[in-house]
Amino acid sequence: MIEIQNLSKNFGSRTLWSGIDTTVNRGEMVALVGPSGSGKSTLLNCIGLLEKPSAGAVLYEGKDVTRFTRNGVRRFRRDVLGYLFQNYALIENTTVAANLEIALKPQRSRRGEFDTTVSEALERVGLAGREGDQVHQLSGGEQQRVALARLIVKRPALVLADEPTGALDHVNTTMVIDVLREMRAAGCAVVIATHSGHVRDRCDTVFALNEKSSAA
Ligand SMILES: Nc1ncnc2c1ncn2[C@@H]1O[C@H](COP(=O)(O)OP(=O)(O)OP(=O)(O)O)[C@@H](O)[C@H]1O
Ligand SMILES: [Mg+2]
């Protein structure tokens with residue numbers, strides 16, 4: 001589903017990574033591993049269109065997403081992509097429910113259905129009944145789980161997760177990985193940047209970046 005072709009990223013004269021060729025299929029969960037600074041977040045950001053690669057292509061259903069127009073980028077983010085960021089990326093000054101609501105597709109936001117979907121997602125991540133809580137009053141791990149609930153509501157085709165279990169204890173790490181595995185079982189492609197051996201072991205494949213910066 002995602003085909004990465006000869007992808008490279010430079011910062012000035014420094015090559016972060018180069019010549020990356022790999023494929024991520026529907027229903028596949030890939031662990032993206034490598035030392036701190038090897039460029040895992042940067043690679044996820046290039047696939048998620050938050051950064052531009054220096055060379056190469058990222059094909060989604062045959063189309064190079066790195067060449068999308070502004071509208072194409074917007075549609076790809078809205079219709080295909082789900083992101084779990086290292087820093088949660090929640091809207092802090094509002095409620096849990098409002099953060100989940102933005103992920104709802106218009107055709108699913110009819111009132112009755114909306115309420116069920118949001119409350120079910122919160123229940124799934126162990127935050128049942130917390131719809132009205134202010135996000136800035138939640139703990140880091142709780143915010144991470146709200147971000148996960150937002151993904152459950154959104155049901156994206158491709159999930160990019162940047163150390164999604166970094167702030168979590170073992171029980172919640174297992175819950176996050178279980179949810180991502182359920183999404184994978186439903187046909188979603190999942191890429192997880194992680195330092196955790198436990199998380200890596202629960203993925204289908206491992207893609208490793210090595211530290212090989214070449215300063216000129
Ligand atoms: N805009 C930028 N300009 C210059 N260098 C950058 C820029 N963005 C990232 N880098 C560098 O690229 C390298 C890789 O960063 P990245 O965040 O992708 O690593 P990572 O593998 O995700 O590390 P970690 O495991 O610590 O999260 C770092 O050395 C970083 O300083
Ligand atoms: Mg990172």
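Start by selecting β3: Met29, Ala31 and Val33 point one way from this strand, Val30 and Leu32 point the other way, and all are buried. Buried here means that 20 or more other C-beta atoms, placed from the backbone, lie within 10 Å of the residue's own; with 12 or fewer a residue is exposed, and in between it is partly exposed. Strands (E, at least two residues) and helices (H or I, at least four) are DSSP runs, numbered from the N terminus. Five of the five residues of β3 are buried, so the strand is largely enclosed by the rest of the structure.

A quick note before moving on: this is a predicted model, where local features need pLDDT of at least 70 and side-chain atom pairs count only at pLDDT 80 or more, while totals for chains, interfaces and linings use all residues. Residues are numbered from 1 along each chain as its sequence is written, and chains are lettered from A and ligands numbered from 1 in the order in which they are written.

Strands count as paired if DSSP finds at least two bridges between them. β3 and β8 pair in the parallel sense over four bridges, and Ala31 stands opposite Ile192 in β8. Four bridges also join β3 to β9 (residues 205–208), again running parallel; there, Val30 has Thr205 as its bridge partner.

Next, pick ligand 1. Which residues surround ligand 1? They are Phe11, Leu16, Gly34, Ser36, Gly37, Ser38, Gly39, Lys40, Ser41 and Thr42, a residue being near if its C-beta atom, placed from the backbone, lies within 6 Å. Sorted by type, the shell holds two nonpolar, seven polar and one charged residue. (Ala, Val, Leu, Ile, Met, Phe, Trp, Tyr, Cys and Pro count as nonpolar, Asp, Glu, Lys and Arg as charged, and the others, Gly among them, as polar.) The largest share of the shell, three residues, comes from helix α1 (residues 40–47).

Stay on α1 and colour Lys40, Leu43, Leu44, Cys46 and Ile47, which are buried. They cover an arc of only 160° around the axis (taken from the directions from the helix axis to the C-beta atoms), which puts them on the same side of α1. What covers them includes β1 (2–11), β2 (14–24), β3 (29–33), β4 (55–60), β7 (158–162) and β8 (189–193).

Follow the loop between α1 and β4 to find Pro53. Pro53 is buried, with 23 other C-beta atoms within 10 Å. Leaving aside neighbours within four places in sequence, Pro53 is in contact (C-beta atoms, placed from the backbone, within 7 Å) with Leu7, Ser8, Lys9, Cys46 and Thr66.

Now select the open sheet, with four strands in the order β2-β1-β4-β5 and antiparallel pairing. β2 and β5 (63–64) stand at the edges with a single partner strand each, so one side of each has no neighbour in the sheet. β1 and β4 share five bridges, and Ile2 has Tyr60 in β4 as its bridge partner.

Last stop: zoom out and colour domain 1 (1–80 + 156–209) and domain 2 (88–155), whose bounds come from an automatic or database domain assignment. Their C-alpha centres lie 23 Å apart.

Methods:
Two residues are in contact if their C-beta atoms, placed from the backbone, lie within 7 Å.
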